[in-house]
Protein chains: 2
Amino acid sequence: MKPPVISAFEPPRRILMGPGPSDVYPQVLSAQAKPTVGHLDPLFIGMMDELKQLLQYAFQTRNEMTLAVSAPGSAGMETCFVNLLQPGDTVVVCRNGVFGERMRQNVERCGGQAVLVDNAWGEPVDPQKVEETLKTNPQARFLAFVHAETSTGALSDAATLCALARKYGCLSIVDAVTSLGGVELKVDEWGIDAIYSGSQKCLSCVPGLSPVSFSPAAVERIKQRTRPVQSWFLDQSLVMAYWGGGAKRSYHHTAPVNALYALHESLRVLAQEGLEQSWQRHQEMHQLLKQGLQALGLQFVVAEPYRLPQLNSIYIPSGVDDATVRQQLLRQYNLEIGAGLGDLAGKAWRIGLMGYGARRENIALCIKALEEVLA
Amino acid sequence: MKPPVISAFEPPRRILMGPGPSDVYPQVLSAQAKPTVGHLDPLFIGMMDELKQLLQYAFQTRNEMTLAVSAPGSAGMETCFVNLLQPGDTVVVCRNGVFGERMRQNVERCGGQAVLVDNAWGEPVDPQKVEETLKTNPQARFLAFVHAETSTGALSDAATLCALARKYGCLSIVDAVTSLGGVELKVDEWGIDAIYSGSQKCLSCVPGLSPVSFSPAAVERIKQRTRPVQSWFLDQSLVMAYWGGGAKRSYHHTAPVNALYALHESLRVLAQEGLEQSWQRHQEMHQLLKQGLQALGLQFVVAEPYRLPQLNSIYIPSGVDDATVRQQLLRQYNLEIGAGLGDLAGKAWRIGLMGYGARRENIALCIKALEEVLA
């Protein structure tokens with residue numbers, strides 16, 4: 001076979017206002033391009049210790065088992081389920097969008113039983129329904145739900161849901177892919193037992209990593225397993241010999257060194273801004289975007305009390321072609337907004353205001369470009 | 001919790017001559033820092049189509065199911081096992097180092113039965129032993145082996161082993177993490193059914209991605225599964241709806257966009273050099289290194305006919321402290337060489353000559369630094 005002749009890839013500078021990846025901080029892109037060092041280099045190990053502190057801050061937790069899975073958010077989801085579940089375990093899974101459904105699939109692939117609590121797309125998880133289900137399923141060992149549904153833009157009340165999990169003797173498993181850094185999230189205060197997120201949303205890091213954290217109760221559950229975790233790669237008892245080993249780290253897999261530089265830098269930016277300030281900024285930018293969208297006559301999918309500032313789902317006006325508009329925004333303005341997913345495909349757009357993307361110039365561009373394209 | 005105050009990480013410029021990550025091409029680091037675009041952006045999809053062509057060239061295959069898993073090599077290994085195996089399947093696993101043992105663990109975590117063919121560390125897999133085992137285990141459905149054992153530096157005869165697999169009605173599963181790009185490897189000609197590699201060895205890309213390829217027979221086996229793949233994240237029938245979907249790609253997980261830029265660039269460098277030329281260069285640089293090491297009186301672990309040019313295991317001279325020497329090389333010369341692993345821990349060093357690392361100035365530095373430190 002002959003070698004293919006292929007030119008270097010030169011991506012344009014897009015403005016990323018979809019559901020993620022979001023605009024990456026310039027300093028994060030530069031950090032990633034720094035020279036690669038070995039994954040057992042003492043300097044790198046020092047950086048990983050800092051990274052753990054930064055992740056603990058972002059999650060607001062003192063959990064020892066806090067780290068970044070070397071793969072995207074869906075692997076972070078799988079990390080939580082494969083480590084905690086054993087075949088036959090019952091999990092109450094809340095489903096109000098794509099990612100609740102993905103949780104159900106994970107439960108079943110682990111040999112678990114999923115008991116579903118369904119809410120309509122665009123609505124938050126209903127705590128009352130959850131409590132009824134927990135009450136009638138005393139065999140349930142876990143409650144799993146999505147904090148911020150990326151497919152709809154609805155925010156659920158994680159503190160209340162985790163309190164319910166505790167009340168009924170369940171551990172909580174929480175999807176915080178889109179919430180981390182963008183809205184209030186307090187792992188220890190709310191009593192979250194297992195949580196996963198993604199690097200490419202409100203952290204404005206490059207895609208490919210999944211921050212996770214496990215409470216002492218979750219770690220205890222992992223220790224009490226009688227069967228090995230079905231995934232070797234995601235087995236946290238093996239991974240922790242590397243992440244948690246201090247100076248004596250032992251080899252598990254080769255860490256994605258440069259991607260971890262990027263995560264370190266993006267979390268530094270978050271720590272410098274301050275979590276509360278970041279939540280506040282996302283809210284303020286959302287208000288600005290909302291005014292602009294409403295002035296254009298566009299309607300939100302999610303009711304105001306549950307609306308995520310960082311993921312704005314709006315109905316596509318009747319008579320407007322979904323794909324044509326998104327293509328025009330991309331080609332003429334280098335602006336990416338997201339298509340609808342699942343039940344909302346073809347019916348809604350998703351406008352992200354995540355991390356570095358949540359700034360005034362992006363909103364001005366987005367509103368003006370939509371105005372021109374929809375005119 | 002207060003935000004931790006942490007400075008930017010400024011890694012030094014190391015010379016990476018361990019078992020990987022290897023020295024990354026400067027143009028690959030720059031490629032990775034290019035602006036992030038969306039994972040469904042038409043321009044990005046075009047880049048992924050090119051990436052597939054480049055991977056097919058590197059593997060010397062026309063396999064349609066050729067792609068990069070969004071996680072390191074150990075996830076590539078797991079991708080092969082979880083997609084192909086069903087509970088109860090028997091796999092003949094060849095074990096002559098760390099990675100054969102890891103294959104066994106993967107088989108068992110999939111509910112399969114591993115029948116082991118053991119060879120000593122530092123020796124290649126013995127085809128005669130393999131044939132005897134295949135003959136006495138007619139229920140076996142797969143033969144799994146490591147082409148280039150990273151833990152020892154031994155090369156096994158993949159063409160002969162794959163022919164044996166075929167003769168006994170087995171599909172072959174091959175670990176090419178360290179071989180791809182460094183020594184002859186011909187997926188179609190040798191009849192390899194499932195193969196995985198890593199980005200951070202002879203491709204000299206950043207760590208974190210795992211190129212994989214499945215033959216039509218392997219794809220057929222995946223299609224005939226009666227049980228879902230136990231991993232949602234690694235389920236190739238889902239992943240291919242994204243990688244194989246052409247313009248109509250559907251969302252599975254968010255691709256690690258910037259890491260894929262890097263892989264595209266590193267494979268472009270390989271295609272520009274030419275595969276055969278790259279294999280030749282690794283061999284020539286190995287000869288140079290060998291002369292230098294022998295002049296210092298150092299002994300190879302692996303016998304010459306099976307010795308990998310890209311991974312040179314040498315015995316630590318008696319009376320020399322392993323860790324002290326490696327620390328001195330790192331601190332005084334910014335030079336990383338690898339420790340021994342498993343059976344060879346404390347007994348051997350592993351000197352990598354991989355991809356961009358396999359060049360004359362690295363060898364000169366390595367020999368001179370070793371000479372000074374061992375003096």
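Let me begin with a definition: two strands pair if DSSP finds at least two bridges between them, where helices (H or I, at least four residues) and strands (E, at least two) are DSSP runs, numbered from the N terminus. What we are looking at is a predicted model, in which local features need pLDDT of at least 70 and side-chain atom pairs count only at pLDDT 80 or more, while totals for chains, interfaces and linings use all residues. Residues are numbered from 1 along each chain as its sequence is written, chains are lettered from A and ligands numbered from 1 in the order in which they are written, and side-chain values use heavy atoms, with hydrogens and water left out.

With that in place, strand β8 (residues 171-175) and strand β9 (residues 194-196) of chain A pair in the parallel sense, over 3 bridges, and within this pairing A:Ile173 has A:Ala194 of β9(A) as its bridge partner. Both strands belong to an open sheet of 7 strands in chain A, ordered β2-β10-β9-β8-β5-β3-β4, in which the pairing is mixed. At the edges stand β2 (65-69) and β4 (113-118) of chain A, each with a single partner strand, so one side of each is left without a neighbour in the sheet. From one strand to the next, the twist averages 15 degrees. Helix α3(A) packs on this sheet, touching β2, β3, β5, β8, β9 and β10 (210-214) of chain A, and its direction makes about 165 degrees with that of β9(A); here contact means heavy atoms within 4.5 Å, and axes are lines fitted to C-alpha atoms, for helices over the stretch in contact, with angles running from 0 to 180 degrees between N-to-C directions.

Chain A also has an open sheet of 4 strands, in the order β1-β12-β13-β11, again with mixed pairing. Its edge strands are β1 (15-17) and β11 (311-315) of chain A, each of which pairs on one side only, and the twist in this case averages 35 degrees from one strand to the next. β1(A) pairs in the parallel sense with strand β12 (residues 335-339) of chain A over 3 bridges, and A:Ile15 stands opposite A:Leu335 in β12(A). Helix α13 (residues 360-374) of chain A lies across β1, β12 and β13 (348-352) of chain A, running at about 85 degrees to β1(A).

A few backbone details deserve a look. The peptide bond joining A:Gly20 and A:Pro21 is cis, with omega about 5 degrees, and A:Pro21 lies in the loop between β1 and α1 (26-32) of chain A. In chain B, the bond from B:Gly20 to B:Pro21 is also cis, with omega near 5 degrees. B:Gln60, in the loop between α2 and β2 (65-69) of chain B, has a positive phi of about 55 degrees although it is not a glycine.

Turning to charges, side chains of opposite charge can pair when their charged atoms come close. Taking a salt bridge as a side-chain nitrogen of Lys or Arg within 4 Å of a carboxyl oxygen of Asp or Glu, a search of the whole structure finds 40 of them over all chains. One of them joins the side chains of A:Asp89 and A:Arg141 (3.6 Å, N to O). A:Asp89 lies in the loop between α3 (73-84) and β3 (90-95) of chain A and A:Arg141 in strand β5 (residues 140-146) of chain A, so the pair ties together parts that are 52 residues apart in sequence.

Finally, how many residues of chain B are in contact with chain A? There are 78 of them, in contact with 78 residues of chain A. The two chains bury about 6,700 Å² between them, 63% of it on carbon and sulfur atoms, buried area being the accessible area (1.4 Å probe) that two parts lose on being put together, summed over both. Across this interface the rule finds 6 salt bridges, and the side chains of A:Arg109 and B:Asp235 meet in a salt bridge at 2.8 Å, N to O. On the side of chain B that touches chain A, α1 (26-32), α2 (42-59), α3 (73-84), α4 (98-109) and α10 (257-273) of chain B each supply at least two residues, and the largest share, 9 residues, comes from α2(B).
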